[in-house]
Amino acid sequence: MATETLTLGKALNTGLRRALENDPKVIIMGEDVGKLGGVFRITDGLQKDFGDQRVIDTPLAESGIIGTAVGLAIRGYRPICEIQFDGFVYPAYDQIVSQVAKMHYRSGGRLSIPMVIRIPYGGGIGAVEHHSESPEAYFAHTAGLKVVTCANPQDAYVMIQQAIASDDPIVFLEPKRRYWEKGQVDLDAPLSEAYPLHSARVVRPGTDVTVLTYGPMVRTCLEAATAAAEDGRELEVIDLRSLSPLDLTAAYESVQRTGRAVVVHEAPSNIGLGAELAARITEKCFYSLESPVLRVTGFDTPYPAARVEEEYLPDLDRVLDAVDRTFGW
Amino acid sequence: MAKGDPGGTTRSRRAAPRSKKGATGDPELVQLLTPDGERIESHTSPDGTEYRVDFTDEEYRGLYRDLVLVRKLDAEATALQRQGELGLWASLLGQEAAQVGSGRALRTQDMAFPTYREHGVLYCRGIDPIMPLGLFRGVDQGGWDPNEFKFNMYTIVIGAQTLHATGYAMGITMDGKTGTDDGEAAIAYFGDGATSQGDVNEAFVWASVFNAPLVFFCQNNQYAISEPLERQTRVPLYQRAAGFGFPGVRVDGNDVLASYAVTRTALDNARHGQGPSLIEAYTYRMGAHTTSDDPTRYRIASEVEAWQAKDPITRVKAFLEKQQIADADFFAEVDEQARRESVHLRERVLDMPNPEPVTMFDHVYPNGSPLLDEQRAQFTRYMESFEGSAH
């Protein structure tokens with residue numbers, strides 16, 4: 001078994017390379033994805049090895065990236081589109097929501113758009129405005145799209161390949177603040193036997209409070225769980241991984257044991273993923289709940305200036321504060 | 001066309017000696033058949049491109065038949081909407097020549113990306129004309145197979161399809177399907193209003209820098225619902241192409257012969273690897289934007305009358321009569337065919353069943369979704385709860 005220590009970014013790069021090797025119809029499109037290798041170097045070296053017909057530097061227009069990728073998909077290609085930053089996806093929003101998401105439906109199943117839209121998302125890197133947003137709710141709300149996000153190098157390596165292999169259009173959110181974090185990656189395990197793309201995973205078992213999270217907040221919640229354990233509280237942390245569709249089988253089972261649930265995400269709370277999670281848990285676990293489902297999220301402000309983002313973003317202390325409050329009912 | 005390849009065009013730096021300007025006197029408007037039915041042998045554009053067609057009598061009659069049929073079927077659809085059988089209809093009235101001319105210029109392997117008004121092109125692609133009526137009746141979302149007929153689904157979001165066409169054309173190049181006579185090309189249809197859209201301008205950029213084998217076919221019908229052309233542009237639309245680095249040409253969109261010639265030339269240039277071009281088919285929307293629109297609120301009758309005199313079908317009929325290519329029996333037979341087909345269309349529309357409600361859950365995802373499975377099951381149980389009740 002070839003297990004290597006890779007950063008999350010390098011794991012994505014390696015997964016993309018595998019996909020390009022395995023299927024000649026897979027292409028990568030985006031701004032600066034070629035010679036530069038992307039502003040985060042996620043496509044580093046790929047144009048050099050696969051050519052500029054497979055790794056395409058596009059003009060600087062996001063709607064054009066997605067719209068032309070639709071046409072390429074209709075012709076049988078499997079485009080992977082890179083949107084450079086979360087806050088730059090909105091010019092492509094119409095193509096994503098009205099075209100990519102609906103093409104299969106409108107065509108009565110005759111056309112598929114096997115597209116992956118990669119978006120580095122979330123804050124925590126001290127960036128200027130439009131570079132730290134968490135737009136997942138917009139996409140998760142859209143029928144016809146699937147939305148996934150990875151939280152560690154192993155998942156990054158496997159999930160990007162699974163997303164590319166899927167015929168569904170998938171928004172693939174990459175936690176940019178975690179790009180440089182390292183982990184063990186099994187490079188040889190066959191994709192067909194991998195953990196399913198749209199399944200959540202319990203990343204730390206516990207008995208007292210269920211913590212539901214995803215993407216960049218998984219690590220934050222694991223750190224909170226470690227701290228809570230020192231105080232004698234065992235948090236069960238679930239990495240949702242798939243935001244649409246949601247896989248809440250493990251969450252329901254967990255909450256029925258713990259009676260308490262906290263949802264943690266960077267995106268603002270209003271009408272966000274946390275609201276959906278709270279509603280569904282309430283529907284399915286009503287008689288088990290000892291407290292309302294609480295949310296720890298970014299605030300309902302535009303993403304603030306970088307020097308205050310640490311206060312904006314959920315952190316270990318805010319997670320533990322919410323955990324404490326679930327015992328206050 | 002019935003057979004063969006009648007649309008011979010040549011690209012030449014020399015002005016063709018026998019060519020003459022169109023009756024409009026506008027050297028920038030390609031015209032091969034005047035509104036009076038006078039045939040212009042060829043047209044040489046300022047860039048030296050010569051446009052001509054060389055149809056057989058049978059092919060001329062075929063074009064006339066196409067024009068009459070698509071107008072009649074379109075009128076039937078408008079009538080069906082007025083009688084409550086369709087939710088909406090976007091009539092092509094007045095634009096038949098631009099659509100039949102360009103539609104017949106497509107070769108089998110070429111791929112078209114329509115708006116929601118290209119019923120004439122759809123007809124030329126061999127798609128059953130009832131197909132779009134399902135969409136406008138609200139019983140389905142379209143219905144034809146885009147890859148089988150090389151004609152994508154209708155696109156209602158203005159201009160979005162021009163990017164799809166551009167990507168598809170990039171794929172043609174990537175597949176190595178250009179550079180020969182049997183190479184492939186794509187064509188993107190859109191209107192004058194769409195030229196203001198970001199997507200259309202992005203498509204121009206993309207097609208240009210990737211040298212995509214693509215024809216941008218803009219039917220300038222003078223109005224974007226109520227807004228006249230002056231609200232979209234201060235330069236003639238075909239001239240915009242120059243700024244993006246590819247040729248643009250304006251054709252009399254009410255002239256089926258010229259529309260055919262310029263489209264065939266542009267497609268052949270594209271399939272031979274010469275990149276994109278823009279055609280502005282100068283025409284007029286004789287009817288309303290859709291059946292929900294009232295054009296008397298924003299345009300005057302005299303303007304409509306002036307365009308009535310440039311009718312795309314009248315001039316072909318005049319030409320066929322003058323040249324004795326067709327006789328009264330032929331015209332009567334075409335009218336009878338059109339009547340028959342429109343009655344048939346009507347009967348079939350009225351017979352279109354409503355879909356089973358539960359089918360709304362189908363085809364959201366190629367791989368399905370547990371959320372939808374759950375909702376479908378809940379909905380089915382809910383519907384079944386009414387069985388045996390008075391409702």
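**Entry 1: chains A and B.** I looked up the interface and noted that 34 residues of chain A are in contact with 34 residues of chain B, contact being C-beta atoms, placed from the backbone, within 7 Å. The model is a predicted one, in which local features need pLDDT of at least 70 and side-chain atom pairs count only at pLDDT 80 or more, while totals for chains, interfaces and linings use all residues. I number residues from 1 along each chain as its sequence is written, with chains lettered from A and ligands numbered from 1 in the order in which they are written.

Helices here are DSSP runs of H or I of at least four residues, and strands are runs of E of at least two, numbered from the N terminus. H3(A) supplies the largest share of this side, 9 residues.

**Entry 2: helices H9 and H10.** I then examined H9 (residues 249-258) and H10 (residues 273-285) of chain A, whose axes come within 10 Å and cross at roughly 60°. I took axes as lines fitted to C-alpha atoms, for helices over the stretch in contact, with angles from 0 to 180 degrees between N-to-C directions. The two helices, H9(A) and H10(A), are therefore oblique to each other; angles under 35 degrees count as roughly parallel, over 145 as roughly antiparallel, 65 to 115 as roughly perpendicular and the rest as oblique. I recorded Ala251(A), Tyr252(A), Val255(A) and Gln256(A) of H9(A) and Ile281(A), Lys284(A) and Cys285(A) of H10(A) as making the contact.

Note on methods:
Contact = placed C-beta atoms within 7 Å.
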